[in-house]
Amino acid sequence: MTGAPTPPPVDEETVVRFLRGTRLQHDRVRDQWVIQAPERAFIADPIAAEILQLVDGTRPVSAIIDILAERFAAPRPVIAHDVLEMIASLAQRQVLTA
């Protein structure tokens with residue numbers, strides 16, 4: 001039995017994008033961000049939503065980290081760890097791809 005292919009490792013030079021048919025959308029009724037994918041949906045917590053709003057398919061992960069570190073006046077290594085971990089998790093769940 002074979003499972004889904006393992007996504008390539010994500011590093012700061014990786015440019016990520018949403019998989020075809022997957023998108024981040026704001027649900028105005030519930031005032032929350034939702035990741036919509038074929039036959040499934042995930043509620044994005046506020047931190048995930050901040051990260052995912054910066055995923056545009058052209059920006060490398062390092063730029064996302066830099067923007068968030070400046071926006072929240074947080075240590076870059078902490079932001080980098082959280083962003084890389086979340087992106088890797090969403091790549092594993094076939095939401096994001098390099």
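Biologist: Which pattern does the chain follow, read along the sequence?

Modeller: The pattern is β-β-β-β-α-α-α-β. The chain has three helices and five strands. Helices (H or I, at least four residues) and strands (E, at least two) are DSSP runs, numbered from the N terminus. The radius of gyration is 14 Å, close to the 13 Å that the globule rule gives for 98 residues, so the chain is as compact as a globular protein of that length. That radius is taken over C-alpha atoms, and the globule rule is 2.2 Å times the number of residues to the power 0.38. The C-alpha trace spans about 40 × 35 × 20 Å along its principal axes.

Biologist: What should I know about the model itself?

Modeller: This is a predicted model: local features need pLDDT of at least 70, side-chain atom pairs count only at pLDDT 80 or more, and totals for chains, interfaces and linings use all residues. Residues are numbered from 1 along each chain as its sequence is written, and side-chain values use heavy atoms, with hydrogens and water left out.

Biologist: How do I read the sheet? What is the order of its three strands?

Modeller: Strands of a sheet pair through backbone hydrogen bonds, either parallel or antiparallel. Here two strands pair if DSSP finds at least two bridges between them. The open sheet has the order 2-3-4, with antiparallel pairing. Strand 2 (23–27) and strand 4 stand at the edges with a single partner strand each, so one side of each lacks a neighbour in the sheet. Neighbouring strands are turned by 30° against each other on average, direction ignored. The axes behind that angle are lines fitted to C-alpha atoms, for helices over the stretch in contact, and angles run from 0 to 180 degrees between N-to-C directions.

Biologist: How many bridges join strand 3 to strand 4?

Modeller: Five, with strand 3 covering residues 32–37. Valine 34 has isoleucine 43 in strand 4 as its bridge partner. Strand 2 and strand 3 also pair over five bridges. There, histidine 26 stands opposite tryptophan 33. Strand 2 and strand 3 form a hairpin with four residues between them. In its turn, aspartate 31 has a positive phi of about 50°.

Biologist: Now the core. Which residues touch the most other members?

Modeller: In soluble globular proteins, nonpolar side chains tend to be buried together. A nonpolar core is a set of buried Ala, Val, Leu, Ile, Met, Phe, Trp, Tyr and Cys residues joined through side-chain atoms within 4.5 Å. Buried means under 20% relative accessible area, exposed over 50%, partly exposed in between (1.4 Å probe, protein chains only). The largest core has 25 residues, and Ile35, Leu52, Val83 and Leu96 touch the most other members. Helix 3 gives the most to this core, with six residues. Leaving aside neighbours within four places in sequence, valine 83 is in contact (heavy atoms within 4.5 Å) with Ile51, Val61, Ile64, Ile65 and Leu68.

Biologist: Which residues of helix 2 are buried?

Modeller: Val61, Ser62, Ile64, Ile65, Leu68 and Ala69. They cover an arc of only 160° around the axis, which puts them on the same side of helix 2. The arc is that of the directions from the helix axis to the C-beta atoms. The buried residues of helix 2 pack against helix 1 and helix 3.

Biologist: Is threonine 22 buried or exposed?

Modeller: Buried, with a relative accessible area of 8%. Threonine 22 lies in the loop between strand 1 (17–18) and strand 2. Not counting residues up to four places away in sequence, threonine 22 touches Ile35, Gln36, Ala37, Pro38, Gln94 and Val95.
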